[in-house]
Amino acid sequence: MDFTININNKALEAKQGETILDVLTRNGIRVPTLCHIKDAFPTGACRMCVVEDEKSGKLLTSCSYPVEADMSIQTHSKRVVESRKTIIELLLSNHPDDCLYCVRNKNCELQDLSEEHHVRERRIRGKKNTEPLDLSSASIVRDPEKCILCGRCVHACEEVMGVACIDFIHRGNKSIIGTAFNQGLNTSSCVNCGQCIMVCPTGALTEKNHFAQIQEALNNPAKRVVVQYAPSISVSMAEELGMEAGTDINGILNAALRKIGFDHVFDSSFSADLTIMEESAELIDRVNNNGVLPMITSCCPGWVKFAEEFYPDFLPNLSSCKSPQQMMGAIIKSHFAAEENLKPEEIFSVSIMPCTAKKFEAQREEMTQEGISDVDAVLTTRELTKFLKLYGIDMFNIRPELTDSPLGFRSTAGKIFGASGGVMEAAIRTAYYKITGKELVEFQIPAVRGFIGRKETTINIDGLEVGVAVVNGLANTRKLLEEIRNGKNDIHFIEVMACPGGCIGGGGQHIGSSDEQLKARMKKLYQIDATESIKVSHKNPEIIGLYENFLGEPLGHKSHKLLHTHYHARKVML
Amino acid sequence: MTAIQPILNKYPDNGRENLIPILQDIQNESGYLSKDSIVEVGRFLDIPISKIFGVATFYNQFRFEPFGKYHIQVCRGTACHVLGSATVLQELEKNLKIKAGQSTRDGLFSIEVVACIGACGLAPVISINGEFHAKVTAVSMKQIIDDLKKEEEA
């Protein structure tokens, strides 16, 4: 520690170069923030975090002001508290009065702050913002009326995702956040990842909701309604339900979904196993037959759209495998339909995903058979909680049940898809077996696990050195791809997940989870992997059965038709 | 070669600090910033077009639509304001069904708000293609537009 500063009449240690907010946070003094993002360059845009400098009498934005020796700061003086309250009142002055109807009701930072600062009347009436709703995207709804211009979405889109499809437009009281030429999100370079929703303090950014279609299907006796849920869902819902972060609610979830009225409950971890069977076969095929390398995973629809837009030259590198959601969807509307004597159109297929981009993926033309979508509606983790409440399901008093079978049993390799590095680890386990005929001695590959944005290692398969890289966060992906464009050639297989930490940090997850809570989700996934016995996709009995009874072999004719696809360059304005 | 390539050639180091000068050059050349030109500048400077649009809309000087055949500058300087230029602008926007900065679909009219055109004695004043009209009112504004429309139809 370099020197001390005086905060609320108490000497506290501070380091050269930190901000006042850093010192306050370390010492448990909470000042409210809105535009602040941890570890990001501060903007000081909202001025919620002001503190009073006793020497100059000025109000300083603590998030951006560096500490100085012998500073004397008051964090909750009369003047500070009053100015914070005024800032909130000004933010509310042009904000719609529709909290009751807002999707973020009771989970809104603006609402919380006005509650904390005891705002009890509308003291300032401003002209309301009349920018229209943007409903153009298949995944994300933008409501500029509710935007408080904190700029956190702009940061997430540019710095975390490397997409930069939105920015501030115009100036002063005409400022809004929008895409280039203020067009709909659907024609922008938006990849639908939903990280903007995760950082939005209000209801200005939300996911496109499919409740009505699902309810209609559930009420329609002529429809068989099936549901699948992604590997990360069962370990990511705890915060939404008020349980300890990282709790695995798998069995409860199965029972709850049946109570809602879903006729069949399937696990996308099963189709993740299926993805691994196809993907590892594809990897081996590419290695043996001089195919395009490095092969890059294509499970993540945010990444796929990113590649179509920004890196079309890498599209031949993308695995032709569909994502687990779409593989499950395709199997449900083909094999399952036939087994149950149903026409595909008699099935309504719902998926529960930690992801907003899955809503976009489900409506892609590549993901249809003869004009019928393989997946009809997608719920995010957040929406599932609301859906459970809508149907009066008490998640604390419910007996766990198993998933339906077949299409419900999974290996732990399919389960760890939910964390960054999971697809890689699962694929290596099966590829190793297929190449050597032996199982790995040590299943865990710690080098590809964890939250680090980019992980690289080499894996020795029978003397063959395979270079692998795992990236999460599309900005990190961009850096890796640029290096490969510039000649980096020691990587043969890449896993890309758009969201930080993989699906457990997805854009459809609970808003406001801490880093520790995200870590708890990842820890749980790997704990499941450590404790259960079937750790490889190729030993999943239902996968073996599906190949014996229906598919034949990986990369076979039926697989090719149902489980694989190709992507094309997408022209958007970049 | 695209229309703006000669302009880009003047900035061989393609640093992002050249953004505003390039946009100014394009606007001087073609009167407005087209989508195509912004996309091309983005590619040249390696800046996302959302950022360029953000910068360009920050400044009043940039337009995103070509001038109409009749480019109407409405003075919103102090003297004009005091004598009712707000009503004139309002009437004009209502009449042409466009906002300041836009052009009508038929390409006939465009509106621009200017701070002061130095003719305070004539306030409220407008300029159509450089020709000044003095002491304009909502009524006379409508008359001027109607006359121009008639002239076009004839």
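Q: How far apart do the C-alpha centres of domain 2 of chain A and domain 3 of chain A lie?
A: In this predicted model, the C-alpha centres of these two domains lie 28 Å apart, and the domain bounds, which come from an automatic or database domain assignment, are 125–207 for domain 2 and 212–563 for domain 3. Residues are numbered from 1 along each chain as its sequence is written, and chains are lettered from A in the order in which they are written. Local features need pLDDT of at least 70, side-chain atom pairs count only at pLDDT 80 or more, and totals for interfaces use all residues, while side-chain values use heavy atoms, with hydrogens and water left out.

Q: How many residues of domain 2 of chain A are in contact with domain 3 of chain A?
A: Contact means heavy atoms within 4.5 Å, and here 18 residues of domain 2 of chain A are in contact with 26 residues of domain 3 of chain A.

Q: What area do the two domains bury between them?
A: Buried area is the accessible area (1.4 Å probe) that two parts lose on being put together, summed over both; domains 2 and 3 of chain A bury about 1700 Å², with 57% of it on carbon and sulfur atoms. On the side of domain 2, A:V191, A:M198 and A:E207 supply 33% of the area it buries against domain 3, more than any other three residues.

Q: Which residue forms a salt bridge with A:E207?
A: A salt bridge is a side-chain nitrogen of Lys or Arg within 4 Å of a carboxyl oxygen of Asp or Glu, and A:R382 forms one with A:E207, their closest N and O atoms being 3.1 Å apart. The count between domain 2 and domain 3 of chain A is one salt bridge.
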